[in-house]
Amino acid sequence: MLVVGGVCRGARSCRSVVCPSVQGKFHDASQALVYNNAMASPSITPEDHALPMHYPGFVFRTLRGDGIAAEALLDGTQLTESLLCDPDYRCDFARLRRFYRNAIEHSGDPHVGIRLARRFRAAFVGLPFLTAAKAASFEDALATLGRLLALTFPALTLEGPRAPTTGNAGECAVRIHPKWPLGDIAYFGTSSALVVCDGLFRELLQVQQITLRAEIAMAKPEGWDAVAPELGFPVRFGAAHNSLIFPSAVLAAPLPTSDPINHRQLLQVCDQLARPRAPADAPVQQVLAFLDDSRNLSVPFAQAADRLGYSERSLRRQLARSGTTYRELVRLVRERAARERLKNPALPVQAIAFELGFDTPSNFARSFKEWTGETPSEYRARQARGGADGQN
């Protein structure tokens, strides 16, 4: 699942990592080394319908071309082939998580994330990459991607360039982390993000190799030795961060496709695209507001429609136009409420289950694991340890 947000515009400091006074700046929070994308929408959550179809659409088309049936890939996602081609459609993380799980299952390849990412082309990123490719230098291109890439990939945070935690002087690291835990698709999502970003960087410079090595903040997966030779760079598992490490000297490298006029014009186009999107359809917001009162989570659709002043047919049609259903909105609100309540250790799981309309705690636990990849007790334990997002 690929989605990226901000790159350091102050990357020049990475050219001087041998200087202790400069190297210290890499760890100074006041230097704002985590650059949120100023052009992107406000902070998103897994429940928000904010994830575009660029990468899911690529995965779907590629695996369909490999012979996997559309029904198998879309099973249980509420996605359709037409939605995966819709530039205006956005969905929540739960749907994409199920979609990527289907991709892993039906491809029969636990490393399919890496193999798909190697087939992804920079041009598929669209205007953000095209604009970055017109920048003057690789450093400027990274800054441009930091401004714009969240238009295509909004659910990852990209930090740097900065001095790597391990390695030699004269190296830079770019860290890539999801904005929330990816659960059982963490390896798929993290490995995809690193491989795609490596491809973007190589395409910007039009070189065969830029990454010296990668670091991944998870355990080495089973069967890794079979896929490792396909990457072109070594990977260290069990690291503190997900990172791509490359020579700091490349920051000053001019881009072969630099074009200052087109760069400025494309920035203006992207500025327009990045303006806040219109709010979701009013019926969706009305249903969500209705369901935010937990007493309504068990209210049947017909009764909800009546309470909101719609006929069943009209409300169903309005929700479908927004790419959702009443059942899906109930699931979304239950998941969001469950996450919040489980953060309070004083609330028994049984009480949370009944409050959210489940008839038994076991049904609640089963649903929660389907939503998040964790049981309620596992989620609560991780939150107690500090809730390290994106770490598994």
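Student: How many aromatic pairs does a search of the whole structure find?
Tutor: The search finds 20 aromatic pairs. A pair here means rings of Phe, Tyr or Trp (its six-membered ring) with centres within 6.5 Å. Before we go on, this is a predicted model, where local features need pLDDT of at least 70, side-chain atom pairs count only at pLDDT 80 or more, and totals for chains, interfaces and linings use all residues. Residues are numbered from 1 along each chain as its sequence is written, and side-chain values use heavy atoms, with hydrogens and water left out.
Student: New topic: strand β1. Is it mostly buried or exposed?
Tutor: Buried: seven of the seven residues in β1 (156–162) are. That means under 20% relative accessible area, with exposed being over 50% and partly exposed in between (1.4 Å probe, protein chains only). Strands are DSSP runs of E, at least two residues, and helices are runs of H or I, at least four, numbered from the N terminus.
Student: Which strand is β1 joined to?
Tutor: β2 (residues 171–178), through five bridges, and the two run antiparallel. Pairing takes at least two DSSP bridges. Leucine 158 faces isoleucine 176 of β2 across that pair.
Student: What about the second largest pocket, how much space lies in there?
Tutor: About 470 Å³. Of its 18 lining residues, Arg327, Glu328, Arg331, Glu370 and Trp371 are the closest to the centre. A pocket is an open set of points on a 1 Å grid over the protein atoms alone, where a 1.4 Å probe fits, with protein on both sides within 12 Å along at least five of seven lines; lining residues have an atom within 4 Å of a point. The volume is the space filled by probe spheres set on the points, which are joined across faces, edges and corners.
Student: Which elements give two or more residues to that lining?
Tutor: α4 (93–107), α14 (326–342) and α16 (361–372).
Student: Last one: what's the phi of glutamine 78?
Tutor: Positive, about 65 degrees, although glutamine 78 is not a glycine. Glutamine 78 sits in the loop between α3 (70–74) and α4, and counts as partly exposed at 35% relative accessibility.

Key:
Rings of Phe, Tyr and Trp (its six-membered ring) pair if their centres lie within 6.5 Å; planes under 30 degrees apart count as stacked, over 60 as edge-to-face and the rest as tilted.
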